[in-house]
Amino acid sequence: MRRGVARVVSAGFFMLAAILVVAGCNQNTESSVSAQKGKSEQSSEEKLIKIGITQIVEHPALDSIRQGIVDQLAEEGFENGKTIQLDYANAQGDINNVTTIAQQMTADKKDMIIPITTQSTQAVLKQANGIPIVFAGVTDPVAAKIVPALDKPGDHITGMADVAPMDKEVDLITKFIPSVKKIGIIYNTGEINAGVQVKMIEEAAKAKNIIVEKAGISSSSEMKDGAESIVHKVDAILVPKDNMVVSSFEALLQVAQTAKVPVFASDSDTVKRGAVATYGIDYYKTGQQTGKIAVRVLKGEKPSAIPVQVAQDVELVINNKSVAAFNLEIPASIKQEARIIHE
């Protein structure tokens with residue numbers, strides 16, 4: 001009897017020990033799986049490609065570029081929060097903020113920085129320390145000393161140039177106002193892009209015996225005074241693709257409307273805001289093209305091997321409401337090719 005009890009107790013002991021061992025193994029396995037899952041999630045987060053987008057100021061044309069970039073990246077598999085981590089910063093027109101943003105993005109060790117506009121690109125180029133740069137919204141990257149040449153952009157930079165067709169803009173004014181003798185321009189004296197465009201306008205105007213009256217400003221607060229200084233001397237005003245002028249366009253438009261002097265633009269978004277017409281670049285498409293370049297770099301191509309692309313497709317856009325407000329008529333010769341809006 002005692003021997004039987006001993007055998008039962010012994011058997012029970014070994015069964016209990018086996019259960020404990022199995023339980024321990026299961027617990028260790030679960031802990032191991034949990035730890036591996038945590039590491040996997042952490043690894044996934046770490047693999048997100050960090051891309052910074054910096055913009056000197058917000059206005060519809062630049063916002064369209066940015067949206068085009070983001071949409072194109074997502075279309076090609078680089079979606080924010082899934083495969084990339086986008087960091088957007090707007091300098092609010094302050095050049096000091098432009099530099100600070102460039103410094104912060106560099107310190108954050110972005111995998112790529114996409115600056116929109118000349119001044120943002122210049123600031124990033126000074127700070128980036130080899131980080132790949134794909135720029136947009138730059139009229140003349142060579143004149144701005146961003147790249148030495150369009151076909152040989154540099155070690156870690158490339159992008160999109162968007163030279164507005166100023167000869168076509170001047171010609172467009174003459175179609176609406178055949179008797180035009182003087183064209184007014186307001187521009188930012190501190191922006192290289194603006195200076196390049198002013199020169200282009202002067203050359204195009206000279207070819208048609210048209211005089212150009214200029215008003216240089218250094219801040220948005222000077223826009224109204226600048227407009228008032230030339231509005232009574234000219235037959236029309238042409239707005240270059242100047243970020244300071246475009247961002248404060250409404251102040252210029254108000255002065256021009258009071259004086260009944262028609263305002264023409266260099267981008268379709270400004271026409272939507274009240275300018276008469278433009279042979280404008282589609283800035284959303286420019287953003288998409290920039291996004292395509294960015295994808296090529298993200299997939300391994302060197303920026304130096306990708307020539308700077310130049311946006312060339314333009315569209316004639318006319319604001320019918322503004323045409324009427326400035327007592328003009330849409331010329332029959334261009335009516336069929338135009339996209340007429342009624343805003």
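Is Asn 327 buried or exposed? Asn 327 is exposed, because its relative accessible area is 64% (exposed means over 50%, buried under 20%, partly exposed in between; 1.4 Å probe, protein chains only).

This is a predicted model, in which local features need pLDDT of at least 70, side-chain atom pairs count only at pLDDT 80 or more, and totals for chains, interfaces and linings use all residues. Residues are numbered from 1 along each chain as its sequence is written, and side-chain values use heavy atoms, with hydrogens and water left out.

**View A. Asn 327 has a positive phi.** Phi is near 55° in this residue, which is not a glycine. Asn 327 sits in the loop between helix 12 (320-325) and helix 13 (332-335). Helices (H or I, at least four residues) and strands (E, at least two) are DSSP runs, numbered from the N terminus.

**View B. Thr 117 has a positive phi too.** The value is about 95°, and Thr 117 is not a glycine. Thr 117 lies in the loop between strand 3 and helix 4. Thr 117 counts as buried because its relative accessibility is 1%.

**View C. Helix 4 (residues 118-127) packs through buried residues.** These are Thr 118, Gln 119, Ser 120, Thr 121, Ala 123 and Val 124. Their packing partners include strand 1 (49-55), helix 3 (95-107), strand 3 (112-116) and helix 6 (192-206). Just after helix 4, Asn 129 takes a positive phi of about 55°.

**View D. Phe 264 belongs to the largest nonpolar core.** A nonpolar core is a set of buried Ala, Val, Leu, Ile, Met, Phe, Trp, Tyr and Cys residues joined through side-chain atoms within 4.5 Å. The largest has 57 residues. Phe 176, Ile 186, Phe 264 and Ile 318 have the most contacts inside it. Apart from this core lies another, of 45 residues, with Met 112 and Ile 131 among them. Leaving aside neighbours within four places in sequence, Phe 264 contacts residues including Ile 173, Phe 176, Val 239 and Leu 328 (contact means heavy atoms within 4.5 Å).

**View E. The largest cavity holds about 50 Å³ of space.** On a 1 Å grid over the protein atoms alone, a cavity is a set of points where a 1.4 Å probe fits but cannot get out; lining residues have an atom within 4 Å of a point. Grid points are joined across faces, edges and corners, and a volume is the space filled by probe spheres set on the points. The lining includes His 59, Asp 162, Lys 241 and Tyr 283. Helix 2 gives the largest share, three residues.

Methods
On a 1 Å grid over the protein atoms alone, a cavity is a set of points where a 1.4 Å probe fits but cannot get out, and a pocket is an open set with protein on both sides within 12 Å along at least five of seven lines; lining residues have an atom within 4 Å of a point.
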